[in-house]
Each structure stands twice: as structure tokens, then as C-alpha cells.
Amino acid sequence: MAQPKTNETEQLAEKKGGISQRIKRWSKELLSILLIVGIISVAMDFYRAQSMPQGDALPMVGTTIQGEQIDLLELSKQGEPVIVYFWATWCGACKFVSPSVDWLAKSHNVVSVSLSSGSNERVSRYMKAKDYSFGVLNDTNGHIGRDWAISVTPTIAIIKDGEIKSITTGVTTPLGIWLRAALA
């Protein structure tokens, strides 16, 4: 009778060891995938940012769809960095980034620019439906997007003291945006 209990104990130990090995293997694979995705993301940001303005920020003055006057360069010289968020109502990736920008807008300076999204009324309805409260400059004629050479939405630029400190394109996390602003 002692023999079967030993076999059961050994089998249980083998199962635990097998599970532990699988978790280690999956963790290594996940880490490898995240590393590869990170490297590709940084490379794509570098490639896309080459055509975008660098150094001094371009002037951006206008009235948001909410009626607020915006002067990007003046706002960027008030001590805190400005998060400039280029997005569109039709942008699938923006659906993941906009909630982060909305959350950050409660504690940071955010200027958002809606690209090719239709009339002010349409963008207002979209903002209301999504319950977003960040201010929006609606680039109905495409001038801002062309001046900034925006080819990908979403694009986020960090501006401080009239200078572009960081530009990133595509999906990013709240932590990623916050870190870029904090390091500006």
C-alpha cells in the first residue's frame, strides 16, 4: 500500500514541475514577442517622424468646437508640456488611444486636432457619444494635418516651450503618453 502513495506523490510532483516549466517557457515567449513588437514600434515611430516637423513647433491657433481659444505656442510656454493629439472619428486605433487622452486631459494640457472627420456638429456628436471632454480643433480643410505632415492617426506630439520634444504614432498607452510628457 505504501507503494501507490509514493507513485501518486511523484506523479503530482511531476505535474507541478511540468506546469512550472510551461509557465517559464510561455513567459519567455511572451517577453520575446513584446521585445520584438517594441523594437518594431520604435523603428516605425522613427521612420514616420522623419517627415514630421522637428525642433520648433509650428503655430497652431484656433477655436475649439467647444468655443475655447487655443494658441499652442503660448500654451506650451506656461511651464507644463502640451500633449497634441491628432486623431479622427473614423480611426480604429484612435478608439484605443482617445480614452487615455481624455483621462490625461483632466490633469495635463491637451490640444487635440480632429482630422478629416466632418463638420463641427458631427465631431461634437461623436465626442458626446463617447463621453470625451478634451478640447478639439476640427481640421475641416486639412491645413493643420498637412502643415504637420500627419500621415498616421493617431499621432501624439509633446510640445514644451515652443519646441517639439517627442512625436509618436499609432496605439500607445496612458503610461507611454504620460512618460513622454513627464520627460519633456
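Reader: How many aromatic pairs does a search of the whole structure find?

Author: Seven aromatic pairs turn up. Keep in mind that this is a predicted model.

Reader: Why is the pair of Tyr 132 and Phe 134 called stacked?

Author: Their ring centres lie 5.5 Å apart and their planes meet at 25°. Rings pair if the centres are within 6.5 Å, and planes under 30 degrees apart count as stacked, so this pair gets that label.

Reader: What makes Tyr 132 and Phe 134 buried?

Author: The cut-off for buried is under 20% relative accessible area. Tyr 132 is at 13%, so it counts as buried, and Phe 134 is at 2%, so it is buried too. Both also belong to a cluster that ring pairs link together, along with Tyr 85, Trp 87 and Tyr 126.

Reader: Tyr 126 sits in helix α4, residues 120-130. How do you know which face of α4 its buried residues line?

Author: The buried residues there include Val 123, Tyr 126 and Met 127. Looking down the axis of α4, the buried residues fall within an arc of 95°, so they line one face of the helix. They pack against β3 (82-87), α3 (94-104), β4 (109-115) and β5 (136-139). On the face turned away from that buried side you'll find the exposed residues Glu 121, Arg 125, Lys 128 and Ala 129.

Reader: And what makes Asp 102 and Lys 106 a salt bridge?

Author: Their side chains meet at 3.6 Å, N to O. The rule asks for a Lys or Arg side-chain nitrogen within 4 Å of an Asp or Glu carboxyl oxygen, so Asp 102 and Lys 106 qualify. Asp 102 is buried at 8% relative accessible area, whereas Lys 106 is exposed at 59%.

Reader: How many salt bridges does that rule give?

Author: Two. Glu 163 and Lys 165 make a salt bridge as well, again at 3.6 Å, N to O. Glu 163 is partly exposed at 35% relative accessibility, and Lys 165 is partly exposed at 40%.

Reader: Why is Trp 178 called partly exposed?

Author: Its relative accessibility is 40%. Buried means under 20% and exposed means over 50%, so a value in between is partly exposed. Trp 178 lies in helix α6 (residues 174-183). Together with Leu 175, Leu 179 and Leu 183, Trp 178 forms a nonpolar surface patch with about 440 Å² of accessible area.

How values were computed
Residues numbered from 1 in each chain as written. Predicted model: local features only at pLDDT ≥ 70, side-chain atom pairs only at ≥ 80, totals over all residues. Heavy atoms only, no water. Patch = residues over 30% accessible without salt bridge, like charges linked within 9 Å, V, L, I, M, F, W, Y side chains within 5 Å. Areas by Shrake-Rupley, 256 points an atom, 1.4 Å probe, with all protein chains shown as cover. Helix = DSSP H or I, 4+ residues; strand = E, 2+ residues; numbered from the N terminus. Buried < 20%, exposed > 50% of the residue type's maximum accessible area, 1.4 Å probe, protein only. Arc of directions from axis to C-beta. Contact = heavy atoms within 4.5 Å. Phe/Tyr/Trp six-rings, centres within 6.5 Å; stacked < 30°, edge-to-face > 60°.
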